[in-house]
Amino acid sequence: TVKATSGRQIFQPLHTLRAAEKELLPGFHQFEWQPALKNVSESYNVGIINGLSGWTSSLDDSPADTITRRFRYDVALVAALKDLEEDIMEGLRDTGMEDSAWTLGFRGMIKECCDGMGDVSEKHGGGPAVPEKAVRFSFTVMSVSIQAEDEQEEVTIFTEPKPNSELSCKPLCLMFVDESDHETLTAVLGPIVAERNAMKESRLILSMGGMPRSFRFHFRGTGYDEKMVREMEGLEASGSTYICTLCDSTRAEAAQNMVLHSITRSHDENLERYEIWRTNPFSESVDELRDRVKGVSAKPFLETQPTLDALHCDIGNATEFYKIFQDEIGEVYKNPNPSREERRSWRAALDKQLRKKMKLKPVMRMNGNYARRLMTMEATEVVCELVPSEERREVLRELMRL
């Protein structure tokens, strides 16, 4: 029996009590997909699963049960949405929408990230024989918006305030794989890709604020660095003559023309090109064929949005500014052909100043944290102390503001 609020006791059949009890367990969320997801089981109370579930064959070179762990994509998405339930309901109320009237038309924007985690080898290994690199695939719920049946405009009711924080980034799959190993990576991410494709075609029915609501999802693979974009989109690696993940320019073309490039690549186009590479319909030589497919020689398997990730953007900018700072300290505009010794002394002066005033240790190779500290007005002011002419200091500040 259950006690009603009035204090009377009400008989309930056992299965409804069980269901009610389950709802109270942490991490348990009931949901359904309409239509049901293709090739994905309908059970919703699954936790961490073997990352190779969804594949029948095993990977023979390392024990398959140690190589990867993951959540099922739809279950992880539901858990992430339920974590945001209060924020989403508050957003609904803030827009003046009566929250009980809105059950349809919710849209979630999901940012996906995938990156290598470097060397994770055991120093005194006694564990199972697994590759000593790891890769993590994760996602962030960037926003939730709602669109009325008759309205054109969609209204955003939730936006992730810290989209780049590790706190908003939900791990989906961890794998012992080297990110350069295209075959193994494809095998492990295959089931995730299948689930993601199935979710694009379906609607999620999930209880929010005590009412079933219907969600559709859009996936944006913008959290991949260039190496990973090339990997996922089947492009040749970074040493290729085709240098860009956005367009078809070669090294020679890019060196001639650094400004006008149109974005020409898309996932579908890369798929078509791979087919041409595989079948060689015009019976061309390898060089002619390569020129035709512009360096697409593996099967693209995960649709990305080819972008320059923010980290490498920061690093690229900072590398450039680090050189500019040195040139300004040495007044290169007065002396266009400095000797190596002079350049070295300017660099030493810059490093010393940054270490003293900003506690920035010199780095062999520009990294993200250093780059972000260097690209600040504070760093510019510190460097300006070493720049002789006031006029040049002002220009430098102006450049950093831009």
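**Pocket lining**

I looked up which element lines the largest pocket most: β6 gives the largest share, six residues. Elements here are DSSP runs numbered from the N terminus, with helices (H or I) of at least four residues and strands (E) of at least two.

This is a predicted model, where local features need pLDDT of at least 70, side-chain atom pairs count only at pLDDT 80 or more, and totals for chains, interfaces and linings use all residues. Residues are numbered from 1 along each chain as its sequence is written, and side-chain values use heavy atoms, without hydrogens and water.

I read off a volume of about 810 Å³ for the largest pocket. A pocket is an open set of points on a 1 Å grid over the protein atoms alone, where a 1.4 Å probe fits, with protein on both sides within 12 Å along at least five of seven lines; lining residues have an atom within 4 Å of a point. The volume is the space filled by probe spheres set on the points.

The lining has 25 residues, and Lys 111, Cys 113, Asn 164, Gly 223 and Leu 311 are the closest to the pocket centre. Elements giving two or more residues are β6 (106-119), β7, β11 and α10 (310-329).

**Strand pairs**

I then checked β10 (residues 203-208). Four bridges join β10 to β3 (residues 31-34), antiparallel; strands pair if DSSP finds at least two bridges between them. Phe 31 has Leu 206 as its bridge partner. Leu 206 also stands opposite Arg 213 in β11. Five bridges join β10 and β11 (residues 211-224), again antiparallel. In their hairpin, with two residues between the strands, Gly 209 takes a positive phi near 60°.
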